[in-house]
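Open the model in your viewer and keep the selection tool at hand. The stops below say what to select next and what is there.

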Amino acid sequence: MSQAQDHQIVVPAEPVHVALAGDPPRGSTGRVAVVSPYTGGVLGTVPDSDLADVARVVSRARTAAVPWAHTPIKERTSLLFRFRALVHEHLEELAQCVACESGKTLGEARAGLLKGLEVVEYATSLQNLPAGGALEVSQGVLCEAHRVPLGVVCGITPFNFPAMVPMWMFPIAVTLGNAFILKPSEKVPLTATRLAELMRDAGYPEGVLSVVHGGSLASEALIDHPDISAVGFVGSTPVARRVYARAAAHGKRVLALGGAKNPMILMPDADPDVAITGVVSSFTGCAGQRCMAGSVLLAVGTCDDLVDGILRAASEIRLGTDMGALIDQHARARLLAAIEQAAADGAAIRLDGRCATPPVAYPGGFWLGPTVLDNVTPQSAAARQELFGPVLSIVRVSTLEDALSFEAESCFGNAVSVFTRDGSVARAVALGCRSGMVGVNVGVPVPREPFSFGGTRDSRFGSGDITGAGGVAFWSDLRKITSKWAPAVSGGWMS
Ligand code: NAD
């Protein structure tokens, strides 16, 4: 892919056909087509891996895992520095790849890569942190704790962040000494393939990072494989729930992050510029296809001027330039049905993205403009279910307590934001909510590293967070060693 203007997506003319990691690609029963959300055209194909394919990749990873675990962390980290440099060197090419296969704008694609690099940078710091501790607990008796890798681990990732979500996982996991197998979404496998090539170019031994392509069959083969010790998953809530149960039934360590319906609480005293920009960029960014999108606006009391400002700003968004495409035709059809259902349930469609003009450059893409539904009833599907598109549901509430009750009743728990100029209101939301991540005058409150990422309730199955210290704990075991070397002088109970 060649360099392009700042916003122009260059869809490659020739499709690429990716082989399974470690050729030749035998055993796989079929191939999956990768379709660009911008054009509807085929970007390439990847193997639809079956059990035999997965078994071969796991076997290679198992061979790589032992020497890798014995490589000192400083040596492991030196390769990660090289990988980081290579990602920077190839940033524009990678951003084009992310945008082409996921429908993001180039700016969003770059931002996702840079956020992924923050996790890489965090992982490079692990070599300088004591991995455990040591203490003389009794005369001549030393207790130590060491972080040790788990062996072969896997990560199963969604379509909406082709680079960032895999980079939440593998930099930490491999730096800790694991061999990592990535099963990217079959809708966006090309970026993952490129990242694995850059890991190879950085000098990682074969099998330390592998990519298995395919859909649920490949995921399930990984989850069930006896040599896989831990499963990291990010995706929709129904699949996260299933993955968690399946891996846990094998007695495996599993952390499965799911979907979300994040409320944004709009107080009448909010700074108009901050609130309007924050709300609009939250529900339209990545065409609403992110688990941190604010998709329901709880307008407290009289907020009509602010809501009018939100409608004005959202109506100015141009498809293909300010906002990208939906992942596929199926997502578009699902959103059109949800908008119709909301209207049937009594909502007013105050901004109708179905009427938005598709961009001239990409007429074959999967487009829907920003859509704002007002007077949405609190228990309706538009208020409670994840729609995963650029649709904002406005629920009118009388008090902050009503807004917090709405948040408490949600089955999800990724994020909540509040827009206000009153510190006590902000504090009441931060301390009174049930979500894992809170934004104060911030519409997409993704914690920056080293603060870790993770929600609660049906947005997360398992415990702990996926990045930061949570990632370190998840991808390693804490081994405790108790030694006695010095001759005993007094008679403590371990002497
Ligand atoms: P998805 O659940 O359809 O797919 C995610 C992954 O699971 C893919 O790799 C897919 O191939 C695999 N998969 C599908 N069915 C499976 C099955 N039965 N068993 C095992 N694996 C299976 O999700 P998606 O549509 O790709 O991504 C969008 C969803 O991900 C949204 O719900 C979004 O909120 C969520 N998401 C959550 C977070 C988070 O951090 N909580 C981050 C990004 C996306």
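Start with G133, which stands opposite A145 in β5. This is a predicted model, in which local features need pLDDT of at least 70 and side-chain atom pairs count only at pLDDT 80 or more, while totals for chains, interfaces and linings use all residues. Residues are numbered from 1 along each chain as its sequence is written, and side-chain values use heavy atoms, with hydrogens and water left out.

Helices (H or I, at least four residues) and strands (E, at least two) are DSSP runs, numbered from the N terminus. Two strands pair if DSSP finds at least two bridges between them.

**Stop 1: an open sheet**

Select β4, β5 and β19. These three strands form an open sheet in the order β4-β5-β19, with antiparallel pairing. β4 (133-138) and β19 (476-484) are the edge strands; each has a single partner strand, so one side of each has no neighbour in the sheet. On average, neighbouring strands here are turned by 25 degrees against each other, direction ignored. β4 and β5 (residues 141-149) are joined by five bridges.

**Stop 2: two helices**

Next, select α2 (residues 73-89) and α6 (residues 189-202). They pack at an angle of about 130 degrees, with axes 8 Å apart. Axes are lines fitted to C-alpha atoms, for helices over the stretch in contact, and angles run from 0 to 180 degrees between N-to-C directions.

Which residues of α2 and α6 meet? L79, R82, F83, L86 and V87 in α2 meet L195, L198, M199, D201 and A202 in α6 (contact means heavy atoms within 4.5 Å).

**Stop 3: strand β14**

Select β14 (residues 371-374). T371 and L373 point one way and V372 and D374 the other, and all are buried (under 20% relative accessible area, with exposed over 50% and partly exposed in between; 1.4 Å probe, protein chains only). In a regular strand, side chains alternate between the two faces of the sheet.

I349 has L373 as its bridge partner in β14. β15 (residues 391-397) runs parallel to β14, joined by three bridges. There, S393 is the bridge partner of L373.

**Stop 4: strand β9**

Finally, select β9 (residues 228-234). Six of its seven residues are buried, so β9 is largely enclosed by the rest of the structure. β6 (residues 152-156) pairs with β9 in the parallel sense over five bridges, and V153 has A230 as its partner in β9. β10 (residues 253-257) also pairs with β9 in the parallel sense over five bridges; the bridge partner of F233 in β10 is A256.
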